[in-house]
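The exercises below ask you to find particular side-chain contacts and packing arrangements in a structure, and each is followed by a worked solution. Please try each task on the structure before reading on.

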Amino acid sequence: MEELLHYHFDVDGENFASAGEASVQVKRLLRQMGFSPDLIRRISIAMYEGEINMVIHANGGDADVYMDPERIRVVLKDHGPGIKDIALAMQEGYSTAPDNIRSLGFGAGMGLPNMKRYSDEMTVESTVGVGTTITLIFQSA
């Protein structure tokens, strides 16, 4: 089905305080459109995890949200170092975040696992030295 709405957000990789702004804006939009609270919660959590990962590992990136009546597709894209071992990165608790990031309370190794847990479908495409694209699908109907 053709997607009816598209929203684009730049994820600033320079500022942890701004991480999560896209997910907050999407949460607000979804509420205004009347989507279910459970769906909004799942999308908000998964998007926030993706935004934090882009800030920690890739100096930011892009978040695109495509909506139609049956599904919401979130595409998170960065031009960071890429993920060397996706299967390993999907394991709960595995993290490559440096100690200074962990001291801020981030980098616990739950980002990708939580994104998978809260989405209906998740694909990860990553090339070392080029970047990572994560696509999350949420069924709304």
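**Exercise 1.** Find the residue with which E92 forms a salt bridge, and state where the two partners lie.

Solution. A salt bridge is a side-chain nitrogen of Lys or Arg within 4 Å of a carboxyl oxygen of Asp or Glu. By this rule E92 pairs with R117, and their closest N and O atoms are 2.2 Å apart. Next, locate the partners: E92 is in the loop between α3 (86–89) and α4, while R117 is in helix α5, so that the pair links distant parts of the chain, 25 residues apart. Helices (H or I, at least four residues) and strands (E, at least two) are DSSP runs, numbered from the N terminus. Finally, consider the surface: R117 is partly exposed, with a relative accessible area of 43%, where buried means under 20%, exposed over 50% and partly exposed in between (1.4 Å probe, protein chains only).

The model is predicted, so local features need pLDDT of at least 70 and side-chain atom pairs count only at pLDDT 80 or more, whereas totals for chains, interfaces and linings use all residues. Residues are numbered from 1 along each chain as its sequence is written, and side-chain values use heavy atoms, with hydrogens and water left out.

**Exercise 2.** Which residues are linked with D38 in a network of salt bridges?

Solution. The structure has four salt bridges by the rule above. Begin with D38 and R41, whose closest N and O atoms are 3.0 Å apart; both residues lie in helix α2 (residues 37–58), three residues apart, about one turn of the helix. In general, an α-helix has 3.6 residues a turn, so residues three or four places apart point the same way. D38 is partly exposed at 42% relative accessibility, and R41 is partly exposed at 41%.

Then turn to R42, which forms a salt bridge with D120 at a closest N to O distance of 3.5 Å. Because R42 lies in helix α2 and D120 in the loop between α5 and β4 (121–127), this pair ties together parts that are 78 residues apart in sequence. R42 is buried, with a relative accessible area of 13%, while D120 counts as partly exposed at 40%. The network therefore consists of D38, R41, R42 and D120.

**Exercise 3.** Which residues have the most contacts inside the largest nonpolar core?

Solution. A nonpolar core is a set of buried Ala, Val, Leu, Ile, Met, Phe, Trp, Tyr and Cys residues joined through side-chain atoms within 4.5 Å. The largest such core has 31 residues, and I72 and L136 have the most contacts inside it. Among the elements that give two or more residues to this core are β1, β2 (60–67) and β5 (131–139), but α2 gives the most, with nine residues.
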